[in-house]
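Below is a short briefing on a protein structure. Please look over the sequence and the model before reading the points.

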Amino acid sequence: MAEATELLASPLGGLLPWALPGGLVSLEEMRFAQQIGIRLRAPVPAYLAGLPLPLEPNRAASMRTVRVLWLGPDEWLVTAPVGAVPELPTRIARATADLRAAVTDLSASRTIVEIAGPRARDLLQKGCGLDLHPRAFGPGQCAQTLFARLPVIIDQLSAAPSYRLYVRRSSARWLCDWLIDAAEEFRLA
């Protein structure tokens, strides 16, 4: 029997991965990632189900392949590559059972686009009003914003720079077409 992920269709199939020559910018989809939304009333623990919860605004924390993004004073997004931590939803549900919390599987709601390369920051700056300069936004930071008029979450993974853009599945293809078109300028540089 085929695995569930083999039966799913990616909104970016046939479009990504994509890269400019020399790796100036590359786009890749983090296909079928686990995405778990957590709403948690105070007091908020520093760790939940063994995962660090960032308590500062617009911060992200990692534990191996799992990443936790602060989205609001009582809201986090937990992400992991598909199959990396199969028991993750169960662990989180058990850890929040006695707390005033809501846990929601959001895996089908967003597509995650990984953007990397020396011109990745320049590309993102074209569609975003946030100051992404390293003095203002660096590794371990995330933000909800409008990007090319779409609501997204931007998560900076490393200083290289590399980022993840979380976008609604229904808008993912349009956003990637926009990114590829905007990146073409760097081909001439």
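Is W178 buried, partly exposed or exposed? W178 is partly exposed, at 23% relative accessibility (buried is under 20% relative accessible area, exposed over 50%, partly exposed in between, with a 1.4 Å probe and protein chains only). This is a predicted model, in which local features need pLDDT of at least 70, side-chain atom pairs count only at pLDDT 80 or more, and totals for chains, interfaces and linings use all residues. Residues are numbered from 1 along each chain as its sequence is written, and side-chain values use heavy atoms, with hydrogens and water left out.

**Aromatic pair**
- The count comes to one aromatic pair (ring centres of Phe, Tyr or the six-membered ring of Trp within 6.5 Å; planes under 30 degrees apart are stacked, over 60 edge-to-face, the rest tilted).
- The ring centres of F147 and W178 are 5.2 Å apart and the planes stand at 75°, so the pair is edge-to-face.
- F147 belongs to strand 11 (residues 142-147) and W178 to helix 4 (residues 169-187), so the pair ties together parts 31 residues apart in sequence (helices are DSSP runs of H or I with at least four residues, strands runs of E with at least two, numbered from the N terminus).
- F147 is buried, at 0% relative accessibility.

- Six strands form an open sheet in the order 1-2-10-13-12-11, with antiparallel pairing (strands pair if DSSP finds at least two bridges between them).
- Strand 1 (18-19) and strand 11 are at the edges with a single partner strand each, so one side of each has no neighbour in the sheet.

**Helix 2**
- In helix 2 (residues 88-96), the buried residues are L88, I92 and T96.
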